Amino acid sequence: MRRISVFGATGSIGRNTLDLVARAPRGSYDVVALTGGANIARLAADARRFNAEIAVTAYPEKLDALRDALAGSGVEAAAGPEALREAAARPADWVMSAIVGAAGLEPGLEAAKTGATLALANKESLVCAGPLLIETARAAGSTILPVDSEHSAVFQALVGEDVARVERLIITASGGAFRDWPLEKLATATVAQASSHPNWDMGQRITIDSASMFNKALELIEAKEFFGIAPEKIEALVHPESLVHALVGFCDGGLMAHVGPPDMRHAIGYALHWPDRGPVPVERLDLAAIGRFTFRAPEAARYPALALARRVMEQGGLSGAVFNAAKEEALTAFIENRIGFLQMAEVVERVLDAVSAREDLENAVISLDNVRAADHLARQTAAETIARAVA
Ligand SMILES: NC(=O)C1=CN([C@@H]2O[C@H](COP(=O)(O)OP(=O)(O)OC[C@H]3O[C@@H](n4cnc5c(N)ncnc54)[C@H](OP(=O)(O)O)[C@@H]3O)[C@@H](O)[C@H]2O)C=CC1
Ligand SMILES: CC(=O)[C@@H](O)[C@H](O)COP(=O)(O)O
Ligand SMILES: [Mn+2]
């Protein structure tokens, strides 16, 4: 029986992971830890259903509610960032890292230290601290399996290949909610409009990041960090159908594409069954009925986030942590109606200008303390930038 934990179990990726676990033959998995945030009812219900050892909410003020919801179940309850780290340090064979945002980094690092296989949906970990996470996993003998659909696609296309023979990585993008809007209308985009993805059913934050292309910006950096491929070989390509998830171009001109329905259970299932393949209950595509795949270049004016990602990929160091933190603050400000849709990219650019070129950050090693410091400074600078923007 494989011991598994799911961090971010109450979210979109977490629920899809538990759906696959629930469908597996009885006795396949022993659930160690499930974690969530505000959704105590869901966390407790799943902890009972899967007879988890421990359920952890990120929020200390929710501990009493979690204890009440778990009363009589035998499931341990805990709360707060330290409890998340402690749960991640518990021995497990396979850990899903699906907390949203930089908050996922430290539990992911703890899990990697145990030598567990780390199924990594939390792309922010690689953006903020790629070399640290990869080295931590390497030192402990932990395998990181990308779960982000594009990166799972690239990973699958690279099986048996030499990464030195890769000429280019093409990361596809749906283009998000506003891909066909007139440019002049983008400033009026509302939170509700940005929260509706054309193809994927995901959490609100990544859905809005898809509309702004910040999701793809994070993914370009994620690809550079994970696969160790030079920035100039990595490109984004708009593919409105979200059926081709990525393409890998080799030095002989051949392209290997990964094709599948827009259902994250495919990438999660691949990571769950790896190094084997197992059945996954996703729709089987009827290619004759689909007829065609379409592609187009992303417009620079519509998606300023992509140029910011290029800058971060070139700069390296702690600029990824700065970029991600500024993006998280700008996104929260947009969701709270404090800034407009287009101002998100403006805020991130200003923070990069102000923070990431600082010499002390540029030359700093990517340690957890330095990542935390860069994250903190970027959030402070973003808050000041947002305050000025609304004044
Ligand atoms: N959804 C998708 O299809 C894809 C997602 N990803 C990545 O996977 C990750 C999860 O995305 P998604 O599932 O959509 O997100 P959701 O918002 O649906 O879920 C996020 C999860 O994290 C928990 N959480 C929120 N804030 C914190 C915090 N501060 N500390 C600890 N836990 C917290 C939430 O708890 P609660 O809900 O109880 O508050 C929930 O369990 C992200 O990094 C995203 O970029 C990558 C590819 C595809
Ligand atoms: C499912 C997944 O991996 C998401 O990251 C997806 O890529 C979002 O869609 P966009 O292509 O619109 O960013
Ligand atoms: Mn993706």
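**Ligand shells, core and helix packing in a predicted model**

The shell around ligand 1 divides into 13 nonpolar, 11 polar and 4 charged residues. Here Ala, Val, Leu, Ile, Met, Phe, Trp, Tyr, Cys and Pro count as nonpolar, Asp, Glu, Lys and Arg as charged, and the others, Gly among them, as polar. The model is predicted: local features need pLDDT of at least 70, side-chain atom pairs count only at pLDDT 80 or more, and totals for chains, interfaces and linings use all residues. Residues are numbered from 1 along each chain as its sequence is written, while chains are lettered from A and ligands numbered from 1 in the order in which they are written.

In total, 28 residues surround ligand 1. A residue is taken as near a molecule if its C-beta atom, placed from the backbone, lies within 6 Å of it. The closest are G11, G37, A58, M202 and G203. Helices α1 (12-23), α6 and α9 each supply at least two residues of this shell. The largest share, 3 residues, comes from α1. Helices are DSSP runs of H or I, at least four residues long, numbered from the N terminus.

S12 lies in helix α1. Leaving aside neighbours within four places in sequence, S12 is in contact with D201, M202 and G203. Contact requires C-beta atoms, placed from the backbone, within 7 Å. S12 and A44 are 32 residues apart in sequence and 16 Å apart in space, C-alpha to C-alpha.

The largest nonpolar core has 126 residues. Such a core is a set of buried Ala, Val, Leu, Ile, Met, Phe, Trp, Tyr and Cys residues joined through C-beta atoms within 7 Å. A55, V322 and A326 have the most contacts inside it. Helix α14 (residues 319-335) gives the most to this core, with 9 residues. Outside the four places on either side in sequence, A326 touches V347, V348, V351, L352, A378 and A382.

The axes of α6 (residues 123-140) and α17 (residues 368-390) come within 10 Å and cross at roughly 175°. The two helices are therefore roughly antiparallel, a term for angles over 145 degrees. C128, A129 and L132 in α6 meet L368, V371 and D375 in α17. This contact has 5 nonpolar, no polar and 1 charged residues.

Technical notes: A residue is buried if 20 or more other C-beta atoms lie within 10 Å of its own, exposed if 12 or fewer, and partly exposed in between; C-beta atoms are placed from the backbone. Two residues are in contact if their C-beta atoms, placed from the backbone, lie within 7 Å. Axes are lines fitted to C-alpha atoms, for helices over the stretch in contact, and angles run from 0 to 180 degrees between N-to-C directions. Angles under 35 degrees count as roughly parallel, over 145 as roughly antiparallel, 65 to 115 as roughly perpendicular and the rest as oblique.
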